[in-house]
Amino acid sequence: MLIDSHAHLDSERYAEDRKAMLRRAWDAGVGAVLAIGIGEEPAGMHRALDVCRQFNGQPGLPRLYASAGVYPHNAAEIDDAVLAALDSLLSEPEAIACGEIGLDYYHEGAPHPAQREGLVRQLEIAAARKRPILIHCRAKDGTTDAWDDLFDILEAHWRPTGLGGVMHCFGGGWEQARRALDLDFLVSFAGNLTYPKAQPLREVAARLPLDGVLVETDAPWLAPAPHRGQRNEPAWVLQTALVLAEALRVDREEIASATTKNFFRLFRLQPDVGN
Ligand SMILES: [Zn+2]
């Protein structure tokens with residue numbers, strides 16, 4: 001059994017076959033999925049929770065959890081009303097995480113100061129609601145500015161909470177992975193781990209402890225080899241798990257049980273899969 005720790009189940013790209021897509025995940029051995037609540041914009045943050053409520057309780061589907069947060073590209077849209085909506089979503093029991101939030105200096109969807117301020121304000125809400133965070137961090141090629149700013153913020157505003165979080169779709173180097181583990185974060189790998197050019201990333205993965213990793217799809221994006229370029233879906237998290245298992249020199253049962261245990265430990269949930 002595997003857990004897909006990050007999938008955008010509310011994406012329009014599943015409008016025609018969302019239930020069948022979830023059934024394929026269950027049939028492929030995916031016991032639970034964390035649905036990411038960023039929508040297309042802050043007004044859509046509730047959609048992951050809606051998907052969760054629509055499908056939980058239906059037999060033959062994975063157990064669904066939700067997150068809510070404002071994506072770095074939308075940081076300039078954060079105001080008191082958006083933060084109040086986030087706070088209210090995170091009070092719901094199925095909304096187990098705040099995210100994905102963070103810094104993106106690669107796409108520059110919002111000015112850097114707005115991204116940093118938006119992150120800090122969301123950390124305050126997540127801390128008050130005792131929800132671990134899901135971090136999106138992407139630096140400009142050849143720089144670590146985004147990571148350096150991220151760790152400055154997390155050291156000041158997040159470490160004291162002891163709540164931890166996930167470095168989603170990890171793409172940093174060993175230094176960033178080491179600092180994430182030191183903050184009690186889990187390092188989550190997506191389909192890009194399987195790509196031919198990702199040897200440096202696989203070498204970072206190989207150095208991580210088994211109790212510090214997760215797997216995810218980031219569906220509908222980043223389909224793993226051999227599905228690269230297609231619409232991704234949670235059923236394909238297995239491909240990434242197999243590559244991670246190889247990097248860590250464990251078998252598929254061990255990677256499945258470790259990543260599942262790590263997920264339930266971080267979110268302080270009773271292990272519970274399926275419906
Ligand atoms: Zn994502």
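Predicted model: local features only at pLDDT ≥ 70, side-chain atom pairs only at ≥ 80, totals over all residues.
Local features need pLDDT of at least 70, side-chain atom pairs count only at pLDDT 80 or more, and totals for chains, interfaces and linings use all residues. Residues are numbered from 1 along each chain as its sequence is written, and side-chain values use heavy atoms, with hydrogens and water left out.

Trainee: Which residues are the protein donors of the zinc ion?

Mentor: Donors are N, O and S atoms within 2.8 Å of the metal (3.2 Å for Na, K and Ca); water is not among the atoms, so sites may look incomplete. Here the protein donors lie 2.0 to 2.3 Å from the zinc ion. They are His6 (NE2), His8 (NE2), Glu100 (OE) and Asp218 (OD).

Trainee: Why is the arrangement of the four donor atoms around the zinc ion irregular?

Mentor: Four donors count as tetrahedral if all angles lie between 85 and 135 degrees; four count as square planar and six as octahedral if opposite donors are over 155 degrees apart and all others between 65 and 115; anything else is irregular. The arrangement at the zinc ion is irregular because the four donor atoms subtend angles of 85 to 176°.

Trainee: Are histidine 8 and glutamate 100 buried or exposed?

Mentor: Buried means under 20% relative accessible area, exposed over 50%, partly exposed in between (1.4 Å probe, protein chains only). For histidine 8 and for glutamate 100 the class is buried.

Trainee: Where is asparagine 74 found?

Mentor: Asparagine 74 has a relative accessible area of 11%, so it is buried. Helices (H or I, at least four residues) and strands (E, at least two) are DSSP runs, numbered from the N terminus. Asparagine 74 is in the loop between strand S3 (63-68) and helix H3 (80-89).
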